[in-house]
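Biologist: I am new to this structure and would like to go through it with you step by step. Could we begin with a single contact and then widen the view?

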Amino acid sequence: MTDFEALRMKGQKAEPYVCASCGNCTMVCPVFNEMEWEQYGPRGKLSVMKSIFEGKADFDEEFARKIFLCSLCEHCSSVCTTSIQLDRFWELTRAEAAKAGLLPAPIQAIRDSMLKYGDPFWMGPGNRMIWAEGIEDMVNPHIRRNASVAYFAGCNATMKAQVQGIPRSMVKIMQHADVDFTLLGEQEVCCGAPLLWTGDYESAPELANKNTDLMRDLGVNTIVFSCPSCINTWRTVYREFLGVSIAKEFELLTTSQFIHRLNAEGRLEYEEQPMITATFHDPCVSARRLGITREPRDVIERIPGVYNVEMLASEKETKCCGNHALLSSVDPLMASRIAERRCREVSVTPATLLVTECPRCKIAFDIAFNSINYSIDRLDLAELVAKCLKEEKE
Amino acid sequence: MVNLDSTEIQHIEDIVGADGVSTIRESCVAYENDVASLPSLTEQIIRKKFDLIAQPRTVESLRRLVLYANEKKMPLVPRGSGTSGWGGAIPAKAGICVNFNRMSTILHLDNFGLTVTVEGGIIYRELLMFLEKLGSTLPVYPSSATAATVGGFIASGGIGIGSAMFGEIADQILGLEVVLANGKIVRIGKLVLENDPLDENECSWLEENFPHDNLLEAVVATYGTIGFITKATLKIVPMLQLRPFACAFHDMETLMKAAILILEKAKPFNLRFLADNYTSKLKALIGYDSEMNEFILTGALMNTIYENDDSLEFIDIILKETGGIILSEERASYYWRERLFPLRIKRYGPSIVPSEVLIPLENLNEFYMEISSSIEWEKFAVEGTISKDGFTGFLAWVLDDERNKYSYLAGWYRPFEITSRAVRYGGKPYAIGLWNAKYSEDFFGKDLYYALRSLKQKVDPNNLMNPMKVFGGRVIPGRKTQAAGFIAGAIVFLIAALFGPPLLGLSWLTEFLMNPILPNFPIPVFILGSIGGGILGYIMAHLMTLNLAFSLALPFLRLMGRIWNK
């Protein structure tokens, strides 16, 4: 049994009482929309938490599993009438579950991998650069060289075969724009977000220190991220762990922000495209936490011949792909169904290309489009830009 | 009480589908509340625990569930999203929660006839989004539209956003399909459907047993006590130009005068006010000195561009006459967006006890002043929605903290006090639900109330459909209530025995009471009488109705609350 010290320490223990039970969170919750039972939605879970605090219910394994049946997409927080930071609350409740020894088995496995290998996939530093196979000539000179711009690809983009086009495209873009950049190579470790999602708040600062120390040693000023969860962790969580604002020390940019800047500086030249209609899926963290919604659209529309059409739910109203915060590890089928729901929203647009800005989203959509048997091109924003660049600058 | 056995659960699964049934405790807990947090002592008069949650998908499965519940004498409680605060969707006698989550389809849209037909479980937000894409909107929807269901709003009745132009929700309903408590499916009014297997609207049974002009009144605001709403045909209106406006006042009196004039001259779509004790608590207003601690009147016009321009000029003139300040368009838009989030105020509780009454708009200031002087200013926040019939929903959020059990319990007298004072100002409760059952007659009017009661007896003689709501009923006494009944009975007898005979000069009775009843049984009669009184009190606790329980408890709560505050 846990004493809910983590919740109390972070001033979150009163939040179930602050909940107005208005149901706004439940109506937008992707997990509730799949399960259709209140106890899977935020309002229902808060109600159970209240009962647990009052000794009327148990914080048991079954309930702990429900705490992990959440993609921390923040849609609930964004519509909460009483401004409860529900994502924060569930993260801390995960820490309580970890303390009480109630972690679901897949979550425990990810935690072990993080502690042992510094990534959530049991792959280790030796596999960190497999994405660069075949383009070593282009990549190797940039590994841990002193430069003002660093590219932090993150675990998914570097280690998962489906999305290794993303770092490869980023390298192409940087070289096209003559950016002097550096990569951490095999010394890059996970940003720590998955560790936090497993409820481990104690081990995460070590990873934070490793990454930030390396960046400092290389004289980096600007860090570009392919994964919104990574940049969010650097921007907000590292401040909490390390006591210093990393965002003040380094300039932290998402892919779209960085490309947007290169566009503004006129450093990218594009080939005319044959009338491509694209639709942009806003990753939850980018849109709701980081508030980056304009830049990716500007980048898409900057490419001649590529047009953006909006889905019904976009920007801050975006819907989750289901592949965030380890939901796909606890219940892969549910995660896939959530992605399928989003894919159906893509399918009713006239778009022939789905663009996103997150390797997790792209992986989720690759699987989901396959399962709903709908064919549409899918690219990360970096992949789209790299594909449309002129081979030779004029 | 109910507690279902495995055969019964299996049978319900056969009716509803196994994936639409849950009996696990955690699941039931999630459906047992609405927006009001109840003091734990409430469980001493009601049994606030569901035994099973059922989510039927079809009208036929709902009908069969109702028939089975009748056969097994199981209470059924309908639930949309539980966004109200009057106890209408919470269990009072345990039983089955009928959740309409899976009956949420938009069935038919008639753009020429300006109607939309939906299933009862559809969320207003989804319906509004659907309609707005096609250039229409609903004339009236609740301020909880982000989560509330159509069936839920109709079953609880009342006013909402759009009522300043279109009146009550009851006025927006063209037809309903209802599964009555006796399992009959009836169609009331004009239900517009395409390819409908039932060609004609069938309501002959209801016509025979509810001799009333408007059959819809059997269902609207009766909280599913007569029947469950499965389909509704609602009016829709073209989405014309929407122009939010907002103005600030230094006092309620000028706000009220301006509101009366604006309602008459500008004919707004929506008109809402926020009192100073509401605006003073909102952190979002920090930095807006002309709004914080002030009285805000806000709303929106919905008409043609030219009409809206004229109306805005009217508002401008009215404000000049009354002394209000018009706020910028940006601030007006802010208040328009906030119309769907009245519960923001709960952040400052963290608990709230809602109290809403309908009072004549011309009495708003007097009523507000009286309530302000009787309830601690910092403890409550008032806002309201104004209807075209000259009534205003006066919504007083009483802020408290349920973690302080005794002071929270004591504070529960306030909403009842507000309601009883409203009646004196020509008002009535906004809705009945569970807590306002004693005002049912005032709320519906005598004729309608007795017609409804008679219908209830015919359609649901065992009082299984949402028991204790609207019509009250006997409480389910918990151990504390039973003990209190016993102690009260014993004390009453003791006092009567000790002081009654001497006062009446009946010395022989005093002697009889003080002596043992038998020589070999040395216990005086008055002690035995007290035990008898206690047993009588215990029986009374079981026979007590909800309304009586409130009548007995409220003076104590009021006294307790005042002592506590001092």
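Modeller: Let us begin with one pair of side chains that join the two chains, bearing in mind that this is a predicted model. The side chains of A:Lys66 and B:Glu26 meet in a salt bridge, with N and O 2.5 Å apart.

Biologist: How many salt bridges does the rule find across the interface of chain B and chain A?

Modeller: Side chains of opposite charge can pair when their charged atoms come close. The pair A:Lys66 and B:Glu26 is a salt bridge of this kind, at 2.5 Å from N to O. For the interface of chain B and chain A, the rule gives a count of salt bridges of four.

Biologist: Which helix supplies the largest share of the side of chain B that touches chain A?

Modeller: Between chain B and chain A, 16 residue pairs are in polar contact, both residues being at pLDDT 80 or more. On the side of chain B that touches chain A, at least two residues each come from strand S1 (21–22), helix H2 (25–29) and helix H4 (124–133) of chain B. The largest share, three residues, is supplied by H2(B).

Biologist: How many residues of the side of chain B that touches chain A are charged?

Modeller: In this interface, 38 residues of chain B are in contact with 36 residues of chain A. The residues on the side of chain B divide into 12 nonpolar and 12 polar, and the charged ones number 14.

Biologist: What area do chain B and chain A bury between them?

Modeller: The size of an interface is often given as the accessible area lost when the parts come together. For chain B and chain A, 52% of the buried area is on carbon and sulfur atoms, and the area itself is about 2700 Å².

Biologist: Turning to chain A by itself, what area do domain 2 and domain 3 of chain A bury between them?

Modeller: The domain assignment of chain A gives domain 1 (5–102), domain 2 (106–263) and domain 3 (270–388). The centres of domain 2 and domain 3 of chain A, taken over C-alpha atoms, are separated by 21 Å, and 32 residues of domain 2 are in contact with 30 residues of domain 3. Of the area that these two domains bury, 68% is on carbon and sulfur atoms, and the area comes to about 2800 Å².

Note on methods:
Residues are numbered from 1 along each chain as its sequence is written. Chains are lettered from A and ligands numbered from 1 in the order in which they are written. This is a predicted model: local features need pLDDT of at least 70, side-chain atom pairs count only at pLDDT 80 or more; totals for chains, interfaces and linings use all residues. Side-chain values use heavy atoms; hydrogens and water are left out. Domain bounds come from an automatic or database domain assignment. Contact means heavy atoms within 4.5 Å. Buried area is the accessible area (1.4 Å probe) that two parts lose on being put together, summed over both. A polar contact is a pair of N or O atoms within 3.5 Å; within protein, one must be able to donate a hydrogen and the other to accept it, and residues adjacent in sequence count only if both atoms are side-chain atoms. Helices (H or I, at least four residues) and strands (E, at least two) are DSSP runs, numbered from the N terminus. Ala, Val, Leu, Ile, Met, Phe, Trp, Tyr, Cys and Pro count as nonpolar, Asp, Glu, Lys and Arg as charged, and the others, Gly among them, as polar.
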